[in-house]
Amino acid sequence: MQAYTLLLLRISLAGLLLFWGANKLLNVENSAAISNKFYFSFMSTDILLYAFGTGQIIIGLLILAGWFRRFTYPLQIAINGASLIVVFPSIIDPLGWYLTGTNILFYPSLIIFASNLLLLAFQREDRFSFDAVGSQKSNQWKARNICPREISPR
């Protein structure tokens with residue numbers, strides 16, 4: 001059950017990056033408006049939106065397959081962490097009782113960030129990734145060579 005849950009979590013988090021990346025490529029005006037409002041116009045130029053969108057799609061595909069998890073999971077945490085930081089007032093006060101300009105729809109950013117950390121923490125238990133399939137074969141080979149069957153434990 002744990003491996004299937006981690007697979008579902010990996011697929012859903014990869015989907016988020018894929019959709020965000022595709023939105024940057026297909027809906028440039030909307031993505032520029034989001035950048036202007038939340039990211040201090042950091043990615044407002046078309047070339048940067050295309051570059052970041054392509055990068056997010058590549059990272060999303062690698063995460064979806066479970067390749068290079070040692071590198072892609074921290075990148076995913078950085079991307080989603082940046083989003084969490086810019087909407088942090090909505091995390092503290094999602095209903096807008098004390099802070100102005102907050103939105104309850106941004107609260108799931110905290111859940112997404114925590115899910116990224118969970119995926120990183122339990123990556124060894126994710127047996128259905130390409131990284132795990134490759135390492136299982138090599139570990140089995142090493143175990144047979146280190147511990148031959150003809151030697152019995154005493």
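## Reading helices, a core and salt bridges

Q: In which helix does Leu 26 lie, and is Leu 26 buried or exposed?
A: Leu 26 belongs to helix H1, which covers residues 2-26; helices are DSSP runs of H or I with at least four residues, and strands are E runs of at least two, numbered from the N terminus. A residue is called buried under 20% relative accessible area, exposed over 50%, and partly exposed in between (1.4 Å probe, protein chains only). With a relative accessible area of 76%, Leu 26 is exposed, and its C-alpha atom is separated by 9.1 Å from that of Tyr 50, 24 residues apart along the chain.

Q: What should I keep in mind about the model itself?
A: This is a predicted model, in which local features need pLDDT of at least 70 and side-chain atom pairs count only at pLDDT 80 or more, while totals for chains, interfaces and linings use all residues. Residues are numbered from 1 along each chain as its sequence is written, and side-chain values use heavy atoms, with hydrogens and water left out.

Q: How many Å should helix H4 span, and which residues of H4 are buried?
A: The expected span of a helix is 1.5 Å times one less than its number of residues. For the 18 residues of H4 (residues 69-86) this should give 26 Å, which agrees with the 26 Å between its end C-alpha atoms. An α-helix has 3.6 residues a turn, so residues three or four places apart point the same way. The buried residues of H4 include Arg 69, Thr 72, Tyr 73, Gln 76, Ile 77, Asn 80 and Leu 84.

Q: With which residues is Gln 76 in contact?
A: Contact means heavy atoms within 4.5 Å. Leaving aside neighbours within four places in sequence, Gln 76 is in contact with Leu 13, Ala 14, Leu 17, Ile 63, Asn 116 and Leu 119; Gln 76 is buried, with a relative accessible area of 0%.

Q: Which residues make up the largest nonpolar core?
A: In soluble globular proteins, nonpolar side chains tend to be buried together. A nonpolar core is a set of buried Ala, Val, Leu, Ile, Met, Phe, Trp, Tyr and Cys residues joined through side-chain atoms within 4.5 Å. The largest one here has 9 residues, namely Leu 6, Leu 9, Leu 13, Ala 14, Leu 17, Ile 59, Ile 63, Tyr 73 and Leu 119. Two or more of these residues come from each of H1 and helix H3 (46-65), and H1 gives the largest share, 5 residues.

Q: How many salt bridges does the structure hold, and which residues do they join into one network?
A: Side chains of opposite charge can pair when their charged atoms come close. A salt bridge is a side-chain nitrogen of Lys or Arg within 4 Å of a carboxyl oxygen of Asp or Glu, and the structure holds 3 of them. In one, the closest N and O atoms of Arg 10 and Asp 126 are 2.6 Å apart; because Arg 10 lies in helix H1 and Asp 126 in the loop between H6 and helix H7 (130-146), the pair ties together parts that are 116 residues apart in sequence. Arg 69 also meets Asp 126, at 3.9 Å from N to O, and this pair links helix H4 to that loop across 57 residues. Through shared partners, Arg 10, Arg 69, Asp 126 and Asp 131 are joined into one network.
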